[in-house]
Amino acid sequence: MTPDSSDCTGCPIDPDRREFLRSVGAAVTSLALLGLLPRDADAASLRAITALASATHDRKAEKRYPIPAADGVSIDKDNEVIVARASGKVYAFALACPHQNTALRWNADDHQFQCPKHKSRYRDDGTFIEGRATRNMDRLAVRREGSTLVVDVDALIQQDEHPAEWNAAFVAV
Ligand code: FES
């Protein structure tokens, strides 16, 4: 007698299903490494992104990303760049906390960046709220080319040293 699918205790796992489960597990592991669980990723409008191909006129340190279509936060872990859209502006931030370089996280529930090490918190535009840090999140120089955000990952702008540059480091959308 052939067991039906609802009574399959002890049946070996189908190889296709095993491969599917393996790939789901790998995806969950990847998100966990980013400090995200799938539920959080959905709630946060938080995405992992990779830089687009460079244009021929780009300098070596410039990375390209699509201009976000809606408010939210994206993280390019390879290049340690956060791209955030909030209230009609798009910013690029360094992933590292300005206190001691710990990778920052996005908390969708309160719309804030948080540092897991000493609990500094920042608004979605990078403004410091509280914690051990002594300045806002570091922004990166950005420019817009059509629907593309070009980020200079070597042009780190510290708010306490260059407040005017820091305030101007965004593109309007
Ligand atoms: S490393 Fe972020 S607050 Fe200390």
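# Briefing: strands, cores and ring contacts

Strand S4 is mostly covered, since 6 of its 6 residues are buried, where buried means under 20% relative accessible area, exposed over 50%, and partly exposed in between (1.4 Å probe, protein chains only). Helices (H or I, at least four residues) and strands (E, at least two) are DSSP runs, numbered from the N terminus. This is a predicted model, in which local features need pLDDT of at least 70 and side-chain atom pairs count only at pLDDT 80 or more, while totals for chains, interfaces and linings use all residues. Residues are numbered from 1 along each chain as its sequence is written, and side-chain values use heavy atoms, with hydrogens and water left out.

**Strand S4 and its partners**

- Val81, Val83 and Arg85 point one way from S4, Ile82, Ala84 and Ala86 point the other way, and all are buried.
- S3 and S4 run antiparallel and are joined by 5 bridges; two strands pair if DSSP finds at least two bridges between them.
- Ile75 has Ile82 in S4 as its bridge partner.
- The hairpin of S3 and S4 has 4 residues between the strands, and Glu80 takes a positive phi near 55° there.
- S4 and S5 also run antiparallel, joined by 6 bridges, and Ala86 stands opposite Lys89 in S5.
- The hairpin of S4 and S5 has 2 residues between the strands, with Ser87 at a positive phi near 50°.

**Arg85**

- Arg85 is found in strand S4.
- A polar atom of the Arg85 side chain lies 2.6 Å from the backbone oxygen of Pro68. A polar contact is a pair of N or O atoms within 3.5 Å; within protein, one must be able to donate a hydrogen and the other to accept it, and residues adjacent in sequence count only if both atoms are side-chain atoms.
- Leaving aside neighbours within four places in sequence, Arg85 is in contact (heavy atoms within 4.5 Å) with Pro68, Ala69, Ala70, Asp71, Gly72, Val90 and Val173.

**Nonpolar cores**

- A nonpolar core is a set of buried Ala, Val, Leu, Ile, Met, Phe, Trp, Tyr and Cys residues joined through side-chain atoms within 4.5 Å.
- The largest nonpolar core has 17 residues, and those with the most contacts inside it are Val73, Ile82, Phe93, Leu104, Phe113, Tyr122 and Met137.
- Strand S3 (72-76), strand S4 (81-86) and strand S5 (89-94) each supply at least two residues of this core.
- Apart from this core lies another, of 12 residues, among them Tyr65, Val83, Leu140 and Val151.
- Not counting residues up to four places away in sequence, Phe93 touches residues including Ile82, Phe113, Met137 and Leu140.

**Aromatic rings and charges**

- Rings of Phe, Tyr and Trp (its six-membered ring) pair if their centres lie within 6.5 Å; planes under 30 degrees apart count as stacked, over 60 as edge-to-face and the rest as tilted.
- By this rule the count comes to 5 aromatic pairs.
- The rings of Tyr91 and Phe170 have centres 6.3 Å apart and planes at 55°, so this pair is tilted.
- This pair links distant parts of the chain, 79 residues apart: Tyr91 is in strand S5, and Phe170 is in the loop between helix H3 (163-168) and strand S12 (171-172).
- Tyr91 is buried, with a relative accessible area of 6%, whereas Phe170 is partly exposed, at 27%.
- One aromatic cluster is formed by Tyr91, Phe93, Trp106, Phe113 and Phe170.
- The charged end of Lys89 sits over the ring of Phe170, 4.4 Å from its centre; a charge sits over a ring if NZ of Lys or CZ of Arg is within 6 Å of the ring centre and within 35 degrees of the ring normal.
- Arg139 lies over the face of Trp166, at 3.5 Å from the ring centre.

- An open sheet of 4 strands has the order S6-S7-S8-S9, with antiparallel pairing.
- Strand S6 (105-107) and S9 stand at the edges with a single partner strand each, so one side of each is left without a neighbour in the sheet.
- S6 and strand S7 (residues 112-114) are joined by 3 bridges, and Arg105 stands opposite Gln114 in S7.
- Ile129 lies in strand S9 (residues 128-130) and is partly exposed, with a relative accessible area of 25%.
- Strand S10 (residues 139-145) and strand S11 (residues 148-157) pair in the antiparallel sense over 7 bridges, with Arg139 opposite Ile157 in S11.
- S10 and S11 form a hairpin with 2 residues between them, and Gly146 in the turn has a positive phi of about 65°.
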